Amino acid sequence: MNARSSAADRTRPTLLDGAVVLFIVVAAVALFIALKPAGGSVLTATVTVDGQVIAQYDLTHLTEPETLEVSDVPYPLVIRAEPGRIRVEKSSCPDNDCVHIGWISSAGGQIICLPNRLIISVTGSSESTVDGVTG
Amino acid sequence: MKKLLIFPLTCLLLLTGCALPGTESKASSCQFFAMDTIMSITAYGSSADGAMVAAQQEINRLEALFSRTRDDSDISKLNAAAGSGQAVTLDPETVSLLDFARDYAPWFDITIAPVMDAWGFTKDSNRVPSQEELNRLLPLVDASRLEVDADRSVAQLPQAGMAVDLGGVAKGYAGDRAVAILAEHGITSAILALGGNITALGTKPDGSAWNVAVKDPKDTSKYICVIPLVNKTAATSGGYERYFVENGVTYHHIIDPTTGYPANSGLLSVTVVADESKKADLLSTYCFVLGADRALDAWRTWTDGTELILVKTDGTVLITEGLEEGLDFQGKERGYECQIVRR
């Protein structure tokens, strides 16, 4: 038998036990931070034409409505951003599908104007748990 | 000393099971325009980038076969030869898809093209055709007269003026092919959005199901429900996104092939969840035209696990029993009532 008792036989925690517990807690916190999904709680709307970003709005911190006239496209249109949401207000395209979609206000939301190859995408918000949207 | 190290070393060993962002769980995404819609793919794994390029090339190849607006596509060749008495040699894939889709007539009819053109939905110039015009065009809508010979890889439209449009199934088929290409490249975890069709390949990298939301047809910024999806496609048809208003009347783009008018079946939207993407895509339009009662009658005869979410104009949401597990219904606060339909 060893002169020194095993950890299971001891009743009082030693300094070493404390160090091990501390190590695990630090490792757990570090992992939690490292594995936390990126994104944050800021809602951002990005407007692209043919893949090129033409405008970006921080919808979370927007205080006044903003209007963007996009004229350098086959069918000029007007985009309106308000605190927390964005939409295509009017469009000269024949179908107006982009106008019909109305406001989008959550991460993952998209408005697409096919004739103009224009996309408005909303990203951010750590609350989004959806991987895809059908409809 | 050895004993002192065992515990911390065990902890470190356990930590190696955790994947940090930037390693094997890294997502690669791409977004592109094809088949008159926007498509996106998100895939996981070290070969994801190459796999997604190959999948996109496959979709472009299929668009070149199935497009109605490209003069050199299979469908344009078939339509141009309508009434000539000549069978047209087509790619075996085109013939196979024609053969698959024509079985769903009259509620889903791939020869609806002349009527869709009259409404202007395919030419970006919406108008309401007269009843006389529709009466003249409706006899041209009859997929049962489309002759398909898979052995010779030919097809033929017997009457001049008849025309095929695969718009209601081509994206679905493209989803099946894109998933097959991703799988060939070793991808086991991906989610594809081809227009409104969402296809899940495998699970998320953590082993859980993909969460797929179904849009509220009355407020598309909100969801009717969220369902878990693994190795299946969810496709939705509804009259709420593509429509026009004339003299105060709203006309949507899902035309009932039996009347020539927008389907008025008491449904706002239909979502179909199926193993095959082409089936989900086609059946969503088919069931929208059928209406809730007949769609559910059809569902009771299916044995392949295909399920339905039917949003009725009266606010009832009928969800078939196969989707009950893991269902997150979110329509209640906006006045929708969820009913689970059992066989």
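Two strands pair if DSSP finds at least two bridges between them. Helices (H or I, at least four residues) and strands (E, at least two) are DSSP runs, numbered from the N terminus. This is a predicted model, in which local features need pLDDT of at least 70, side-chain atom pairs count only at pLDDT 80 or more, and totals for chains, interfaces and linings use all residues. Residues are numbered from 1 along each chain as its sequence is written, chains are lettered from A and ligands numbered from 1 in the order in which they are written, and side-chain values use heavy atoms, with hydrogens and water left out.

**Stop 1: a sheet**

Select strands β8 (residues 210-216) and β9 (residues 219-229) of chain B, which pair in the antiparallel sense over seven bridges. Within this pair, B:Val214 stands opposite B:Cys225 in β9(B). Strands of a sheet pair through backbone hydrogen bonds, either parallel or antiparallel.

Now widen the selection to the open sheet of four strands, with the order β8(A)-β8(B)-β9(B)-β16(B) and mixed pairing. Which strands stand at the edges? They are β8 (132-134) of chain A and β16 (328-329) of chain B; each has a single partner strand, so one side of each lacks a neighbour in the sheet.

**Stop 2: helix α8 of chain B**

Select residues 277-290 of chain B, the 14 residues of helix α8. The expected span of a helix is 1.5 Å times one less than its number of residues. For α8 of chain B this gives 20 Å, and the end C-alpha atoms are 20 Å apart, which agrees. Of its 14 residues, 14 are buried (under 20% relative accessible area; exposed is over 50%, partly exposed in between; 1.4 Å probe, protein chains only). Just after the helix, B:Gly291 takes a positive phi of about 90°.

**Stop 3: rings**

Rings of Phe, Tyr and Trp (its six-membered ring) pair if their centres lie within 6.5 Å; planes under 30 degrees apart count as stacked, over 60 as edge-to-face and the rest as tilted. The structure holds ten aromatic pairs over all chains. Select B:Tyr104 and B:Tyr286: their ring centres are 5.5 Å apart and their planes at 85°, so the pair is edge-to-face. B:Tyr104 lies in the loop between α4 (92-101) and α5 (113-119) of chain B, and B:Tyr286 in helix α8 of chain B, 182 residues apart. Both are buried.

Next, select B:Trp119 and B:Phe121, a stacked pair with 6.3 Å centre to centre and 20° between the planes.
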